[in-house]
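Group the points by topic.

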Amino acid sequence: MTITTSLAGSKKAFALSVLEGLQRTPKQISSKYFYDENGDRLFQQIMRMPSYYLTDSEYEIFDLQKEAILRQLGDRPFDLIELGAGDGLKTKVLLRHLSQKGVSFKYRPVDISSSVLDTLQTSLREELPNLEVAPLHGEYFQVLEELQQLGDHQKKVIFFLGANIGNLTREESQSFLSRLNDLLSPGDMLLLGVDLKKDPAIILEAYNDAEGITAAFNLNLLHRINRELDGNFEVEHFKHWETYNPLSGETKSYIISKVQQEVEIGAISSIIHFDAWEAIEVELSQKYSVEEVESLAKKSGFRLVKNFFDSSRYFIDSLWIKQ
Ligand SMILES: C[S@@+](CC[C@H](N)C(=O)[O-])C[C@H]1O[C@@H](n2cnc3c(N)ncnc32)[C@H](O)[C@@H]1O
């Protein structure tokens, strides 16, 4: 059964975050709110699009280098804690290999979306019935801190894959990884999936598909506000827009109001004004160079063990250890 940590206030947190974000200039809402049941389904479609190279790249790394990754994890039994696990599509390649090789570990997927955790657990029961799975429903640090308070001294291997780290700014990533380091013990490890800087056309194509799946994924945020927070967004009056800055490595998704309009959101008792062509920033997908990844490891108190690249060098899974 999924352990639901103190998420009773999750709807309230969503409402407060929307209120605060839509009162800012420029307007901003966190991409973590993309993932309701509909958002999870749309993201799974995105992962199957050939243009969304991130999935294929990381899948290839795990498929071709699973034994090399296993060799670096050491002999002690461990808890494999995956932050933002999603549907576990790629992780299952490693889970299957570790299980086949008789490695002693428990899998603890963490996700803010309960629906995706349920899907993951059901599929693992069928595909890997002997794997010990203990899902944790909640936000990354809320869950990690609760685990620490339980005084769990088992070795931890943290997976933070799929370039989830890219949703944080560089500064936020640095403090996120330092805070993670503080919660770990010497010998604990982190496998971090990071999307690398590359041809800007390839990056833009990944977030701007012609079929409009990414647009539907992003605009689902407005549908979610309508459904859960009693909003009256007329979604057809908004559009998805994507940019990539090759200097900073920032890929940004915006929702843009096509007309001047007022939107009422009942749960926060607010009427929000939009100018024509006013934008809400909804997602950052930060791209890094290899040197920047190595510097992140050092500055957050980890030692880099090994970098695993895909054959196109589009993506990196970087394995770090807490000293
Ligand atoms: C882009 S998907 C990636 C899923 C998976 N890591 C992969 O590589 O396929 C991001 C996942 O992280 C979860 N997530 C986003 N922000 C989160 C947060 N603050 N705490 C917990 N989970 C979060 C989402 O619900 C979603 O399932």
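Predicted model: local features only at pLDDT ≥ 70, side-chain atom pairs only at ≥ 80, totals over all residues.

Residues are numbered from 1 along each chain as its sequence is written, and side-chain values use heavy atoms, with hydrogens and water left out.

**Ligand site**

- The ligand has 17 residues around it, of which Y35, G84, K90, D111 and G162 come nearest; a residue is near a molecule or strand if one of its heavy atoms lies within 4 Å of it.
- The shell divides into seven nonpolar, six polar and four charged residues. Here Ala, Val, Leu, Ile, Met, Phe, Trp, Tyr, Cys and Pro count as nonpolar, Asp, Glu, Lys and Arg as charged, and the others, Gly among them, as polar.
- Domain 1 (11-49 + 200-286) and domain 2 (53-199 + 288-322) both give residues to this shell, so the ligand lies between them. The domain bounds come from an automatic or database domain assignment.
- E139 has a polar side-chain atom 3.2 Å from a nitrogen atom of the ligand.
- Taken alone, the ligand exposes 600 Å², and the protein buries 93% of that. Accessible areas come from the Shrake-Rupley method with a 1.4 Å probe; for residues, only the protein chains shown count as cover.

**The sheet around β12**

- Four strands make up an open sheet of mixed pairing, in the order β2-β12-β9-β8. Its edge strands are β2 and β8 (238-245), each of which pairs on one side only.
- Strands (E, at least two residues) and helices (H or I, at least four) are DSSP runs, numbered from the N terminus. Two strands pair if DSSP finds at least two bridges between them.
- In strand β12 (residues 279-286), seven of the eight residues are buried, meaning under 20% relative accessible area, against over 50% for exposed and in between for partly exposed (1.4 Å probe, protein chains only).
- Strand β2 (residues 27-28) runs parallel to β12 and is joined to it by two bridges. K27 stands opposite I280, and Q28 has E281 as its bridge partner.
- Strand β9 (residues 250-257) runs antiparallel to β12, with seven bridges between them.
- I255 lies in β9 and has I280 of β12 as its bridge partner. I255 counts as buried because its relative accessibility is 0%.
- The C-alpha atoms of I255 and V282 are 6.9 Å apart in space, although the two residues are 27 apart in sequence.

- Strand β10 (residues 261-265) has a covered face of Q261, V263 and I265, and an uncovered one of E262 and E264.
- Five bridges pair β10 with strand β11 (residues 270-274) in the antiparallel sense; V263 stands opposite I272 of β11.
- Four residues separate the two strands in this hairpin, and S269 in the turn has a positive phi of about 45°.

**T214 in helix α9**

- T214 belongs to helix α9 (residues 213-229) and is buried, with a relative accessible area of 5%.
- The side chains of T214 and D209 are joined by a polar contact of 2.5 Å. A polar contact is a pair of N or O atoms within 3.5 Å; within protein, one must be able to donate a hydrogen and the other to accept it, and residues adjacent in sequence count only if both atoms are side-chain atoms.
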